[in-house]
Amino acid sequence: MSGSNPVVKTNSGAVKGISKETDVGKKYFSFQHIPYVEQPKGDLRFKDPKPVKPWNDILDCTKEGSPAYCLDFFLPNGPKVVGSDDCLGVNVFTPNLKPAKPLPVFVWIHGGGFVCGSSSTLFYGPDYIVEKDVILVSFNYRLNIFGFLSLKDPKVGVPGNAGLKDQTMALKWIKENISCFGGDSNNITIGLFNKAIAMSGSAFNPWATAPHTYPECLKRMGIALGLPEDADEESFLNAISKEDPMKLMILDTTSIKPEEKLDGGIVMSAFLPQVEPYVSEMCFLPKSPLELGRDAWSKDIDVIFGGCSNEGAFFYNFSPDENGLAEINKNNFNLLPRDLQRKSNIENENSKGSILKKLYFNEKPISRDTLNEYTDYLDECAFWHGIHRAILQRQMSDGKGKTFLYRLNIDPSVDNPDFYKFVRTLTNTPHMKLTIHGEDLALLFRINVTRRFIKGDDNYEAQQVFLNTFVQFIKRGNPSCQISTNTKITWNPLPKEASDDVPALEICRDTFEMQQLQNYEKIKVWNEFGPVKGISKETELGKKYFSFQHIPYAQKPEGELRFRDPKPVKAWNEVLDCTKEGSPAYSYDHFLPEGTRYAGGDDCLGLNIFTPDLQPSKQLPVFVWIHGGAFVVGSSSVEFYGPEFIVEKDVIMVSMNYRLGIFGFMSLKDPNLGVPGNAGLKDQTMALKWIKENISFFGGDPNNITLSGESAGAASVHYHMISPLSEGLFNKAIPISGSSLCPWAFAPEKYPFYLNKLAVELGLDQNADDESILRALNKTDPKKLLDIDYNLVPSKEKIFGSVLMSAFVPQIEPYVSEMCFLPKSPLELGREAWSQDIDIITGGTSNEGQFFYIFSPDETQIPEINKNYGLLLPVDLRQNLTPAQAHDKANYLKRLYYGDEEISVKNLSKYMDYLDERHFWHGIYRAVMQRLVSNGNGKTYLFYLNVPPSSDVPEYYKFLRNLGNLAVESDMSGTCHGDDLVLLFSMSFCKRFPPGSDNYEAQQKYLNSFKQFVKHGNPNCDLLKPANWTPLSNKIEEIPKCMRMGRDEWFMQDLPNYNKIKIWNDLYEADKLI
């Protein structure tokens, strides 16, 4: 029926509209306030929307419905409280109820910061849209506390985002019913929809998500309602359900503090969209917008994004007062986006904020005198940066949808000024030019407070371009069109891949052309707090990857920072050249192919990223490697740790340097000096934080990071698994040949003695205070310090004590500082480790001790062992026993490894066997046992590597045995400590194993099982079949099962050296073992 009061039958019931006519004579039919859900009254006021109940009578939809409850700041007659519960209605304006061909549909969602506004024709008149033979649909949805209250208790049924769920229900209604009004349900722009137009906003804008102080705001409101501070959520819901809505709206605006409204821009309420605390049937945001955007369903639809040239001016009137501006001027940190503000390192973020201050304010202080500059800053902060982030996510996806971008840049109309005067009065910006946020509405909708633009008006041509390009997009998915005889618009989409080429349609008063987005250089600053340049490389199998080396993750530890905890890196503006390897940390390195030499410098705290794809369709897993070297030597150099084998598996590899020896593990008791120790481990933690925060820029998944290392690198991994400082920075772990419970991984009990000895070597009295020691250290040449460090512990004590190469290794810190890494012993921290719920692979080689032939006792020291077997005991056991008690207890170890033979130079191979368990396997298994007796859910996979040295590719094996002073020809057997590295990494001084070579199959199994674990958390892969690598059971009394990795066969078996480990276990009292 299409008379003056047409009646349309929808799926819910019949509705009566009214026939209207635009002021240029176009007839259309108006249906307003059609219910699309049950009205949110009573118990439903704050809850998810319910489907509308059908009605029998014809519903009168000839008049505008009530808006949602809000304190509306944007009304022509000034702010006032409006709204009611009867607010959830749809408006349909159609030029033809029975067209020959279904009409395209334009669905409009009103703005207002999720706090106020409505779909009223006062602002969103349909005239211009229906005149183009397009159906306009708009609707109201719940706002502020009524639409975005979120409570954690599932029992109360208010998870949040009810306003967005209202919108979803409206979109479903439109999809199901628009054909009744002559609309094409398969050509909806926005909606459960086929295309979208996002004007001046995205989910990434700071005002579009709840502030991080939401819980505090909720508590303040409860107190204002008379509830106790610790009131439960059920009580809170009961209280607000009984409260007058008008009062709630006032409490909404006062529950958030003025300074919280400046949370990364402008926030008008605490009650905004947020991640829901639990997954319900109608869950709208199960994850953050950033996470959901990475795999958005909409990547295949076409979208127009854009905004105005002077967006931020809209908030001129909402700018901070003098005190707020003074605080921003004092702490540039406050200029940053909210997600950066939430990071812990304020000093680092403050330096990044300084970049923004210089960009927008130059040298001027932030004050009332620089409010124009402040609104320029808000252009990007509150609008354009979020818009561009949404665009970047689309470009980084594998979607087929096109993305069109515009920038509206016209001055207020002089010929038709009424709406502009309204906006400028509202925002107190009559002095400003260009296009303020919201002024684009006058180009798209017939607004009650102003007339339409007519031919000859100053902004008429711009309006025609804006309107007609949008209409063409709505109808056909392409905004290019012929506006007039003299005006043709060719609007090209953005490139499919992100780049510095950002073409946008610049819509001015008289010109309309494609050009580089005018404010892109500013947006780039927001996107890139420290851009880095890498280099494209290729493996010898032809796999391309990108290499970024020596990216600074902390400030250089020079001057007064040399021995102190790491400081966050300061942001840089220029592109940093990261195409070459950086300096290692200071060390006297014994393990270099070219021989022992001094290495390193202060500029050592860099990390390396090797990625096969910077913009993958799905984020790649990340393998983070920590090099070994007894905490004294080594580096992340590609000479040993080349990334080729890793990137060929479509895994990102990251490695890092960290401070070593005396530079990384000096510990002084005086808190005033700020050298509590473990700086090297804290360097690693700083690197892990950097990786977590930045790896997505390199194509990596920050939620799929596996931390791995060998020897001291493995001990480091285990330290991170138990230190509270590293909690949550990685998701899986692979410590290889080491743990924090290995004796060489923890500072000796005689550390104070060695510190006194160091003082003497520095020319001080042996009882010198900490301040004098630090002053002398800072003045001493690094090479001399390396010599002192190397010679500080006599060789005899390195053989019989717990020191392997240096006294300066991890230890319990003498006091708790802000970056305290080890507040307790590793044994204590391991009992309550945060990592009990993550999955790990751990294990070692069959002949770990063979590498340490060079550290074996000589002819003068062996008789001491025969005289006192107690020297075979770990120091932590020996120190509490008399020599006679220690001798008797250690007799078990002597008989285990030597039987009735006397210990001598001739049977040093048996001493190497003894070192297998002493230096490695016993510490590894103690760490495993702590996991098994915990109540954690993490799985533990154990391996035992027994792949003999390669005859076909022998270079690395010969190099390693030469280092250990082994006779190469006679000792090219067994799998010694470090032999596994050549299976995992490409090395500059030896070739890869070619197919058919003796160790090729073993290497492929090792590499692929690790790859599977890194990617999916399970090491089983096709190459392992028929073997099935199963995790350990949590029954420590059972003999542990491991994956026995041989040259030809891999199979599950009892851990081969378990009987030896068990004897080592029996040496300890139960409470000292695990």
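An open sheet of 11 strands runs in the order S20-S21-S25-S27-S26-S28-S29-S30-S31-S32-S33, with mixed pairing. Strands are DSSP runs of E with at least two residues, helices are runs of H or I with at least four, and both are numbered from the N terminus. Two strands count as paired if DSSP finds at least two bridges between them. The model is predicted: local features need pLDDT of at least 70, side-chain atom pairs count only at pLDDT 80 or more, and totals for chains, interfaces and linings use all residues. Residues are numbered from 1 along each chain as its sequence is written, and side-chain values use heavy atoms, with hydrogens and water left out.

The edges of the sheet are S20 (535-538) and S33, each of which pairs on one side only. On average, neighbouring strands are turned by 25 degrees against each other, direction ignored. Angles run from 0 to 180 degrees between N-to-C directions, and axes are lines fitted to C-alpha atoms, for helices over the stretch in contact.

Within the sheet, S28 (residues 700-710) pairs with S29 (residues 732-736) in the parallel sense over five bridges. Glu 710 has Ile 736 of S29 as its bridge partner. Helix H28 (residues 908-933) packs on the sheet and touches S30 (839-845) and S31; the direction of H28 makes about 160 degrees with that of S30. Contact here means heavy atoms within 4.5 Å.

Phe 943 stands opposite Met 1043 in S32. The pairing of S32 with S33 (residues 1050-1054) is antiparallel, over five bridges. Met 1045 has Trp 1050 in S33 as its bridge partner. S32 and S33 form a hairpin, with three residues between them.

A helix pair comes next. H27 (residues 883-898) packs with H32 (residues 1058-1066) at an angle of about 165 degrees, and their axes are 10 Å apart. The two helices are therefore roughly antiparallel, a term for angles over 145 degrees. H27 passes H32 in a left-handed crossing, in which the near helix is turned anticlockwise from the far one by less than a right angle. H27 contributes Tyr 892, Leu 893, Leu 896 and Tyr 897 to the contact, and H32 contributes Lys 1060, Ile 1063 and Trp 1064. By class, this contact has six nonpolar residues, no polar residues and one charged residue. Nonpolar covers Ala, Val, Leu, Ile, Met, Phe, Trp, Tyr, Cys and Pro; charged covers Asp, Glu, Lys and Arg; the others, Gly among them, count as polar.

Methods: Angles under 35 degrees count as roughly parallel, over 145 as roughly antiparallel, 65 to 115 as roughly perpendicular and the rest as oblique.
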